[in-house]
Amino acid sequence: MNSEKMNDAMGPGQAAIDAALRSISSATPSSGLEGRILTRLAAERTRMETTPPRRPLFARPLFSRVGVFPARALGLMTACLLGFVVVAGSVSHSRHIKSGQGSAQPPLVLAGQGIGAASAVHPAAPASAPVPAGQPGRSARPSSPGRARIAPHARKAPGVAVPSPPSSHRSDSQN
Amino acid sequence: MSCFEGQLASWVAPAREETVDTTRTIAALVAEYSTALYRVAFSVTRNAAEAEDAVQETFLRVLRHESRLGEIRDYRVWLVRIVWNIVLDKKRRAKTRPEGEDIADHARALPSADRAAVDTVISSQEHGRILELIDRLPAREREALLLSAVEELTTAEIAAALGTTESSIRSRIFRARKELALLLDKEGIPR
């Protein structure tokens, strides 16, 4: 690197950077590094020579005698068989569960109500009491244009209060 | 040196005939490049023990792939690439910045014969701060700058090791130095 030119181009800070980088470039290993490396290499070579190299499964004597293609076909067949066993077992297990739990389930449809199973579990609240017969409708259309008025004898369920219209409203609507 | 030759002989002796050549080649590579590789590793790890481990691991990989030795055109670039990958991998796994500057390393690295011990420690601390700033640079610029610090490597070799062109390396180093100067200004490090 042409560091002097760079220093000129980029200012005085480069001297400090160069000094820091020099601390890296002048780093020296502790004495005997080569010897330690060679010792480790010797140990590694001994280990490599004593330990047989790992061979892939299909390169092992059993498969090399049988041949790669038959060995692969055998493996594929075994995998298919295992898959079939797993699927068949799963299906038969689920059927077994269905038949065991069928009677405990709630009826799908309640007779005469036309509601589904979920509604059968949570039935709706009973309807309110019927309005007594002979009473007029809940509201009466006004004879003159204006706001609808609630009739004083409106049909309503027992216990439901109906507010009586204020007299001023009535006079307004009449006017 | 006699110790070195003795170890080399003990290593070569038990080897089979066909491995003798590669064994001698590897021993020659160790003798020629171990220091340069140590510096490359040290530029990233900033730790003597880790740098030495990386160099040893480099030659172990060479031994495991000794059958490929004949195919290699430039041993220096090949070895630098191996050690560079090893130290970056270690650093990635550690997920931390270099743990503490090894003051003993700085003391060993600096020409302390003509300096007072206090000056040495102070300057090594300053260098440590600058090296921390280098770690903040973008990866590409940082890598080019650190490898440029290793005097044994030319720009062409750095480019080959990083898999890029010489002009790209030059511009990365330029950008790195410029940005580093700005960071120095910001941090107020005396220059």
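Trainee: What makes the crossing of H3(B) and H4(B) right-handed?

Mentor: A crossing bears that name if the near helix is turned clockwise from the far one, and is left-handed if the near helix is turned anticlockwise by less than a right angle. The crossing of H3(B) and H4(B) is assigned as right-handed. Please note that this is a predicted model, in which local features need pLDDT of at least 70 and side-chain atom pairs pLDDT 80 or more, while totals for chains, interfaces and linings use all residues. Residues are numbered from 1 along each chain as written, and chains are lettered from A and ligands numbered from 1 in written order.

Trainee: Why are H3(B) and H4(B) called oblique to each other?

Mentor: Their axes, which are lines fitted to C-alpha atoms over the stretch in contact, with angles from 0 to 180 degrees between N-to-C directions, cross at roughly 130° and come within 9 Å. Angles under 35 degrees are roughly parallel, over 145 roughly antiparallel, 65 to 115 roughly perpendicular, and the rest oblique. H3(B) and H4(B) are therefore oblique.

Trainee: Which residues of H3(B) and H4(B) meet?

Mentor: Contact requires C-beta atoms, placed from the backbone, within 7 Å. Among the residues that meet are Ala54(B) and Val55(B) in H3(B), and Leu79(B) and Ile82(B) in H4(B). By class, the contact has seven nonpolar, one polar and four charged residues. Here Ala, Val, Leu, Ile, Met, Phe, Trp, Tyr, Cys and Pro are nonpolar, Asp, Glu, Lys and Arg charged, and the others, including Gly, polar.

Trainee: How do you know the orientation of H2(A) relative to H9(B)?

Mentor: H2 (residues 13-25) of chain A and H9 (residues 166-187) of chain B pack at about 105°, with axes 9 Å apart. H2(A) is therefore roughly perpendicular to H9(B). Gly13(A) and Ile17(A) are among the residues of H2(A) that make the contact, and Leu180(B) and Leu184(B) are among those of H9(B). This contact of H2(A) with H9(B) has five nonpolar, two polar and two charged residues.

Terms used. Helix = DSSP H or I, 4+ residues; strand = E, 2+ residues; numbered from the N terminus. Contact = placed C-beta atoms within 7 Å.
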